[in-house]
Structures are given as C-alpha cells and as structure tokens.
Amino acid sequence: LPNEFELARQFNVGRSAVREALKVLELAGLLVVRRGYNGGTFVAPPDFEEASESITLTFRLGETTIDQLIEAALAIEVRAAELTAQNASDLEIDDLQEIIQRTEQSLNFPARYLTALIDFHMAVTELSHNTVFMLALNAMRNLFIQELNRLISDQSDQKLRKTFILHQKEILKAIAEHDPQRAGQAMRVHLCHMNDRLEREPTTKR
C-alpha cells in the first residue's frame with residue numbers, strides 16, 4: 001500500500017486517522033507490516049482454510065444440487081488428473097497407491113472407505129498444484145461426503161465400492177504412465193458413474 005502520507009492525501013483525511021485504520025486492519029489479519037529494507041504495509045495473503053470454510057458455508061446456505069457439484073467436479077478433477085499425470089513424481093504416485101490400499105482395506109467399513117475415497121480425489125487434485133482447484137474441491141468436500149454416504153453406507157452394496165476402487169486404479173495407472181488424456185478420461189468415467197448412481201437415489205436433491 002502507499003505510505004501514510006499518500007493515503008491521507010488520497011482519502012483527504014488526517015494521518016492519525018489513516019494510522020488508526022491501518023492498525024485495525026493489521027489486527028484483523030488483513031494487512032501485514034514489514035519493517036526494514038523493502039518494508040511497508042502489504043495486503044495479507046489469503047488464508048486457505050478460512051477461504052475454504054467461507055465457500056463451504058456459502059454452498060450449504062445456497063441451493064447447491066448434486067448436479068452442480070458433479071458438473072464442477074468434472075471441470076476441476078478431469079483437468080487436475082491430466083495435470084497430475086504430466087507432473088507426478090514417483091513419490092507422489094506411491095502416495096496415491098497407499099490411499100488406494102487404504103480404500104481396499106476399508107471395504108467392509110463404510111465410514112473409513114468413504115474417507116479414503118474422498119482422500120484420493122483430494123490427493124489427485126492437490127498434485128495438480130493448482131491452488132484454485134484445491135480450494136474449490138476442498139470447499140465441496142463435506143457436501144460430497146453427505147451425498148456419497150447414501151451410496152457407501154449400504155453394507156450390502158460391496159459391488160459399487162469395488163467398482164470405485166477399480167476406477168481409482170485406472171486413474172492411478174494412467175498417472176503412473178504419465179498419460180494425461182487417459183488419466184482425464186478415467187476420472188471422467190469415475191465421476192459420471194458416481195453421478196449415475198446418485199441419480200437413482202430418490203432422496204438426493206437435484
């Protein structure tokens with residue numbers, strides 16, 4: 001930001017008023033004051049967690065439908081899978097494999113299985129290294145959990161859980177082989193299948 005003198009001139013107020021306003025904004029976490037060489041008053045970078053919580057609250061209060069969530073997920077996660085396939089390191093690929101193993105080990109435990117399933121989606125998006133993608137998906141996380149719980153909580157429907165694991169493995173295989181097109185397509189197939197199953201649920205708000 002400009003210095004106190006310039007701000008006072010721009011807003012036609014006294015420097016004491018500017019100084020007080022800057023102090024209030026600093027205490028609120030909106031400004032950062034740096035001393036010394038290259039110092040000054042700067043707009044604070046956004047807090048990822050706070051921004052995500054704000055967006056999540058907006059989704060809850062609004063008229064967000066599962067159709068809208070899936071459309072957003074397709075736009076975000078398909079591209080995220082492509083980017084991850086381009087750039088993922090061997091260590092990152094191993095991390096994705098561990099999540100799939102956790103999903104398999106939780107096959108008979110719906111709550112754990114759902115957590116692992118969502119973790120896989122979050123991890124693929126995080127490895128795209130696109131902060132906007134990550135922020136948006138993180139904000140949608142709780143709503144996805146609520147919707148998917150209708151499918152996963154049924155102890156008798158292991159076939160669906162196994163199908164989702166196969167989808168994960170196809171996505172991972174494409175990422176490990178650094179094939180962006182196939183990774184994106186595999187993610188699309190997975191999300192569309194998920195949408196088809198949710199669409200059959202009579203209690204799902206569409």
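**Figure 1. Salt bridges across the whole structure.** A search of the whole structure finds 12 salt bridges, each being a side-chain nitrogen of Lys or Arg within 4 Å of a carboxyl oxygen of Asp or Glu. Side chains of opposite charge can pair when their charged atoms come close. This is a predicted model, in which local features need pLDDT of at least 70 and side-chain atom pairs count only at pLDDT 80 or more, while totals for chains, interfaces and linings use all residues. Residues are numbered from 1 along each chain as its sequence is written, and side-chain values use heavy atoms, with hydrogens and water left out.

**Figure 2. Arg9 and Glu6 in helix H1.** Here the side chains of Arg9 and Glu6 meet in a salt bridge, with 2.5 Å from N to O. Both residues belong to helix H1 (residues 4-11), where they sit 3 residues apart, about one turn of the helix. Helices (H or I, at least four residues) and strands (E, at least two) are DSSP runs, numbered from the N terminus. How accessible is Arg9? Arg9 is exposed, at 53% relative accessible area, and Glu6 is partly exposed at 23%. For these labels, buried means under 20% relative accessible area, exposed over 50%, and partly exposed in between (1.4 Å probe, protein chains only).

**Figure 3. Arg150 and Glu147 in helix H7.** This close-up shows the salt bridge between Arg150 and Glu147, whose closest N and O atoms are 3.3 Å apart. About one helical turn separates Arg150 from Glu147, because they are 3 residues apart in helix H7 (residues 131-152). Is Glu147 buried or exposed? Glu147 is buried, with a relative accessible area of 11%, whereas Arg150 is partly exposed at 31%.

**Figure 4. A salt-bridge network that includes Asp179 and Arg182.** Which residues are linked in the network? Salt bridges connect Lys173, Glu177, Asp179 and Arg182. Within this group, look for Asp179 and Arg182: their closest N and O atoms are 3.3 Å apart. Asp179 is partly exposed, with 27% relative accessibility, and Arg182 is partly exposed too, with a relative accessible area of 28%.

**Figure 5. The hairpin of strands E1 and E2.** Strand E1 (residues 31-34) pairs with strand E2 (residues 40-43) in the antiparallel sense over 4 bridges; two strands count as paired if DSSP finds at least two bridges between them.
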